[in-house]
Amino acid sequence: MTKFSAASAAQAGAYHLLSRTPCQDSVSVFIYEDGICAVLCDGAGSVSRSEVISRSVSAHLCRAVSECFGQWYESDDESIRKLIAYIADEAVKEKDPSLRAECTLILFAAEK
């Protein structure tokens, strides 16, 4: 059995501290029996409540990938892009239907 370990963190930058605005960066890591998934999400600073968007998108994507990694692995780039956009939109609508999933993200997943 392959053992996965992970550590992650997001920290507010100097501008956020001085302006007292929330950090829009979120990191989610999910380790499951057969693999690991990590998502780094940067909410768009020009969008209201981007910290909510970032947290919601990163958590939902980690869970989605861990539930069906094989399907993601076998998919082509365009299908994955569309699936990520759909999951991100649904995650944000669940939190607040008035929000849109405006963010940049990096997704990493691996299974044994």
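User: Where is the place of T21 in the chain?

Analyst: This is a predicted model, in which local features need pLDDT of at least 70 and side-chain atom pairs count only at pLDDT 80 or more, while totals for chains, interfaces and linings use all residues. Residues are numbered from 1 along each chain as its sequence is written, and side-chain values use heavy atoms, with hydrogens and water left out. Helices (H or I, at least four residues) and strands (E, at least two) are DSSP runs, numbered from the N terminus. T21 lies in the loop between α1 (14-19) and β1 (25-32).

User: How exposed is T21?

Analyst: Buried means under 20% relative accessible area, exposed over 50%, and partly exposed in between, with a 1.4 Å probe and protein chains only. T21 has 31% relative accessibility and therefore counts as partly exposed. Its C-alpha atom is separated by 9.6 Å from that of E51, 30 residues apart along the chain.

User: How many helices and strands does the chain have, and which pattern does the chain follow along the sequence?

Analyst: There are 4 helices and 3 strands. Their order along the sequence is α-β-β-α-α-α-β.

User: What radius of gyration does the chain have, and what would a compact globule have?

Analyst: The radius of gyration is taken over C-alpha atoms, and the globule rule is 2.2 Å times the number of residues to the power 0.38. For 112 residues a compact globule would have a radius near 13 Å; the chain has 15 Å, which agrees. Along the principal axes, the C-alpha atoms fill a box of roughly 45 × 30 × 20 Å. Buried residues account for 32% of the 112 residues.

User: Which percentage of the contacts in the chain joins residues at least 24 apart?

Analyst: Contact means heavy atoms within 4.5 Å. Among contacts between residues at least 6 apart in sequence, 64% join residues at least 24 apart.

User: At what angle do the axes of α2 and α4 cross?

Analyst: Axes are lines fitted to C-alpha atoms, for helices over the stretch in contact, and angles run from 0 to 180 degrees between N-to-C directions. Helix α2 (residues 50-67) and helix α4 (residues 77-95) have axes that come within 8 Å and cross at roughly 125°. Angles under 35 degrees count as roughly parallel, over 145 as roughly antiparallel, 65 to 115 as roughly perpendicular and the rest as oblique. The helices α2 and α4 are therefore oblique to each other.

User: Which residues make the contact of α2 with α4?

Analyst: From α2 come V52, I53, S56, V57, H60, L61 and A64, and from α4 come I84, I87, A88, A91, V92, E94 and K95. Ala, Val, Leu, Ile, Met, Phe, Trp, Tyr, Cys and Pro count as nonpolar, Asp, Glu, Lys and Arg as charged, and the others, Gly among them, as polar. On that basis the contact residues divide into 10 nonpolar, 2 polar and 2 charged.

User: Is C41 buried or exposed?

Analyst: C41, found in strand β2, has 0% relative accessibility and therefore counts as buried. Residues that C41 touches, not counting those up to four places away in sequence, include S54, V57, C103 and L105. The C-alpha atoms of C41 and Y86, 45 residues apart along the chain, are separated by 15 Å.

User: Are S48 and E67 buried or exposed?

Analyst: S48, in the loop between β2 (35-43) and α2, counts as exposed because its relative accessibility is 52%. Not counting residues up to four places away in sequence, S48 touches I53 and L99. E67, placed in helix α2, also counts as exposed, at 61% relative accessibility.
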